[in-house]
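Here is a short tour of the spaces inside a protein model and of the residues around them. Have the structure open as you read.

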Amino acid sequence: MTVLLWILAVLAVPTLLFGLWMAWVFLKEFFSPSADVDPDAAEAMGLLPAERQNTKHAGPLPAGQESALAAVRGGDWKAAAKLLQDIGRDWERRSAAAYLLAEIAAQEDDWLLAWEADRPDDPDAAVVRARSTVILAWELRGAKKAKYTTGEQFVGFHRMLERSREEIGRAAALNPDDPTPYITEIWVALGLGYPNSEMDKLWAEITARAPYHYEAHFSALQYWCAKWRGSEQLATEFAERAAAQAPLGSLLTAFPLIAHFEHDTSDDNDIDRTPRMIGRVDAGLADAAAADPTHPRLPELRHLLAYYLSLQDRDDAALEQFRLVDGYVNALPWRYQGDDEAMAAHYCRIRNSSAQAVAAASSTD
């Protein structure tokens, strides 16, 4: 009888283990639903499918800017000159527009050469040239990690960055008040490996001209990240100091969220739901509410808020932010997904999960 009981016990073990495994699968799926979220709820709310998301920008361009950029692509340098002239000393908008023009020049610069020939000492042409040279350098390097980048790519990259320092210096001399050349140089600092002391000097030049400049802070935060010239601690300290010192409406509350995102290697969403992270998101919501609705960087903060609100199961608030940026996905956290299709798919997956949660809650009311 004892032997028979032992045999039955041995035979029961696999059945017991299988039952425990099935229970674990059920509980895991119950508390962590599949990422394959039904898009119908989002589309029923008027939100756009992945194939209709703009993967070039984080939000719509200012009125008239798209037509100006189209004219520049057609070779009309006067459209570029007028665009920057009309912006004037709004440094945030100037740096954003100069970057878009520089992207075009990095691909085809005949129009910029014509501008420079007609107005040799135009500071607007000079800043576009400086930015385009840095963009071209990074394109020569490629987007892959260093171990996947060839020696030839690095030689071209470093040579172009060295050349860009001359262009940056010239642009700064032609318009001493403009922080844009110094912001551009941060990307030279990343590529050439400026020591922290040199970065501090560069940062002092920027903040003397524009202490709450969003793009400047974004660029500098990249420098201080562990993947470049800093560490998680240095990046977090920089981000939290910037957010604490900035006035409400400056959007600099984005940077503690970005510092967290840049160093988050966990698959556990619990680290995004801590009281500290909830406080960071709440600060971002207040900042966004107080900001100029036309601030060119406001959509970037809204994308971050939508993402973290969704991860925190604050789906109504997340959906409110998603509605304000829907149709555009070139922003963190979607930007790091790889190609355009993956970027749009990731955005829609997170957005749709919040839309579905909101729809489900409404149906039970």
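## Terms and basis

Helices (H or I, at least four residues) are DSSP runs, numbered from the N terminus. This is a predicted model, in which local features need pLDDT of at least 70, side-chain atom pairs count only at pLDDT 80 or more, and totals for chains, interfaces and linings use all residues. Residues are numbered from 1 along each chain as its sequence is written, and side-chain values use heavy atoms, with hydrogens and water left out.

## The second largest pocket

A pocket is an open set of points on a 1 Å grid over the protein atoms alone, where a 1.4 Å probe fits, with protein on both sides within 12 Å along at least five of seven lines; lining residues have an atom within 4 Å of a point. The second largest pocket has a volume of about 280 Å³, the space filled by probe spheres set on the points, which are joined across faces, edges and corners. Of its 15 lining residues, Trp203, Phe238, Arg241, Ala242 and Gln245 are the closest to the centre.

Helix 10 (196-209), helix 11 and helix 12 (232-245) each supply at least two lining residues, and helix 12 gives the most, with six.

## Histidine 217

Helix 11 also holds histidine 217. Histidine 217 counts as buried because its relative accessibility is 3%, and buried means under 20% relative accessible area (1.4 Å probe, protein chains only). Leaving aside residues up to four places away in sequence, histidine 217 touches Trp203, Pro211, Tyr212, Phe238, Ala242, Leu252 and Phe255 (contact means heavy atoms within 4.5 Å).

Terms used. Buried < 20%, exposed > 50% of the residue type's maximum accessible area, 1.4 Å probe, protein only.
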